[in-house]
Amino acid sequence: MKKLVKNGRIFTESEDYLADLLIEDEKIVSIGARLHDADAEIIDAAGCYVLPGAVDVHTHMDLDVGISRAVDDFYDGTVAAACGGTTSIVDHMAFGPAGVPLHYQFEVYKKLAEGKAVIDYGFHGTAQHVDADILAELETMAADGIPSVKAYLTYGFKLNDADVLQILQKMKEIGGITAFHCENHDIVEYLKQKHKSEGKTSAVWHAKSRPNLAEAEAVQRVLKLARMAGDAPVYIVHLSCKESLEAVREARRQGQKQIFVETCPQYLLLTEECYTREDGLKYIMSPPLRTKEDCDALWKGLAKGEIQAVATDHCPFHYAKEKQMGKDDFTACPNGAPGVEERLILLYSEGVAKGRLTMHRLVETLCTSPSRIYGLYPQKGALLPGADADLVILNPDASGVLTHSQMHGAVDYTAYEGMKIQGEIRLVMQRGNVIAKDGRFTREKGAGRFIHRTPHTNV
Ligand code: URP
Ligand code: ZN
Ligand code: ZN
């Protein structure tokens, strides 16, 4: 089956031009002016932008956090992703029982995703302890299509500095990359308990327990450990504040080249004032929302290329249910918020349409760079002959208001309710199939495939 996307303005990370795009079965076969194929179904993209299907390398579908479970499973969550223009995810696997090998969770996650995911998916390994077996297994995980692992510097299975150093060394040796959740655990735990003991239990104290410097200290520590490991590749997830960005700049000034930074729409667009609202529990996530000054610093860092990727950290819990566990004690609230569906349109509307970001940077940070960093390129995140025919047709002239009623996930709110939106996603295609059109999901459950990733290519 052939499809011809005609008359669109094609955007890549470095170019834009009016052209047609011919698709055969699952692949892009050619891109050029006035293409013709009598057998192809025509999709008219006149007046619209055509960009690669977006890649979200930080989601938590069906995440088991012990006290509850993220409410989007791999079906609901990937339908939401698809409708928002995301055609591939790399999901962070949850912690398993203490002491399990990395492959234990891989087996669990295969069962969670297979037959449910509607877009293509990969997984990041989760390191919850380090010993010789785990280090050896990093290699077999990479051979099995998972050349990335995440280490947490806080939460129950946090790693210590020696663990981190060994992982960094091993991942460098095998051409993989380590992702880090950076927060200083001891400081966060101390502040949480202090605030609680003083009766300070509302949502805003969640933010006050996790200050900017607690994140920046951990970022700096990880970067120094990566330097000790010989400039081992490091990916900082959900960087949220100006001090952390400064730590990244400093490490780069000192000569480190293998540093990759991710932020998320919530850290660009929302501030800690959300915690003082009546529905402040909706925004309990870690790191917490920061200040307008931090948002501005992140936008600048994104525009300048200091930040390589925008992912979502999609981890939804119902406001009316799970989030209420925190109503009398912020420490009892499951951490995380939804966002997998909103990412692309928010970055277009708040970034490109408001002049903070070029379309090229949008494509680079939502599609191409994450794909390169995590070994999906050029199959994903690029409009190239031979690549998977994953694309988004975006109408830049449409406008509207973002509301929960338009969303497709299972959760009962959007963190961006009522936000004015410029632009609209008209059509989303994955591997040559239209999976979403005019805000409706048009494909079937289980159409997504596991992406066997290869060791990362430097950006
Ligand atoms: O609060 C968050 N971000 N929850 C999801 C898990 C994580 O830390 O990434
Ligand atoms: Zn995290
Ligand atoms: Zn996360």
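Okay everyone, where is the place of Pro287? Pro287 sits in the loop between helix 9, residues 265-269, and helix 10, residues 292-304. Keep in mind that this is a predicted model.

Most peptide bonds are trans. There's another cis bond, joining Tyr377 and Pro378, with omega about 0°. Pro378 lies in the loop between helix 12 (359-373) and strand 14 (391-401).

Now, the metal. The zinc ion that's ligand 3 has three protein donors: His58 and His60, each through NE2, and Asp313 through OD, lying 1.9 to 2.1 Å from the zinc. As for the chain, His58 in strand 6 (54-59) and Asp313, in the loop between strand 13 (309-310) and helix 11 (343-352), are 255 residues apart, so the pair links distant parts of the chain. His58 is buried, at 0% relative accessible area, and Asp313 is buried too, at 10%.

Last bit: backbone angles. Most residues other than glycine have a negative phi. Asp25, though, has a positive phi of about 50°, and it's in the loop between strand 2 (16-24) and strand 3 (27-32). Asp438 has a positive phi of about 45°, in the loop between strand 16 (433-437) and strand 17 (440-441). Asp25 counts as partly exposed at 48%, while Asp438, at 52%, counts as exposed.

Technical notes
Residues are numbered from 1 along each chain as its sequence is written. Chains are lettered from A and ligands numbered from 1 in the order in which they are written. This is a predicted model: local features need pLDDT of at least 70, side-chain atom pairs count only at pLDDT 80 or more; totals for chains, interfaces and linings use all residues. Side-chain values use heavy atoms; hydrogens and water are left out. Donors are N, O and S atoms within 2.8 Å of the metal (3.2 Å for Na, K and Ca); water is not among the atoms, so sites may look incomplete. Helices (H or I, at least four residues) and strands (E, at least two) are DSSP runs, numbered from the N terminus. Buried means under 20% relative accessible area, exposed over 50%, partly exposed in between (1.4 Å probe, protein chains only).
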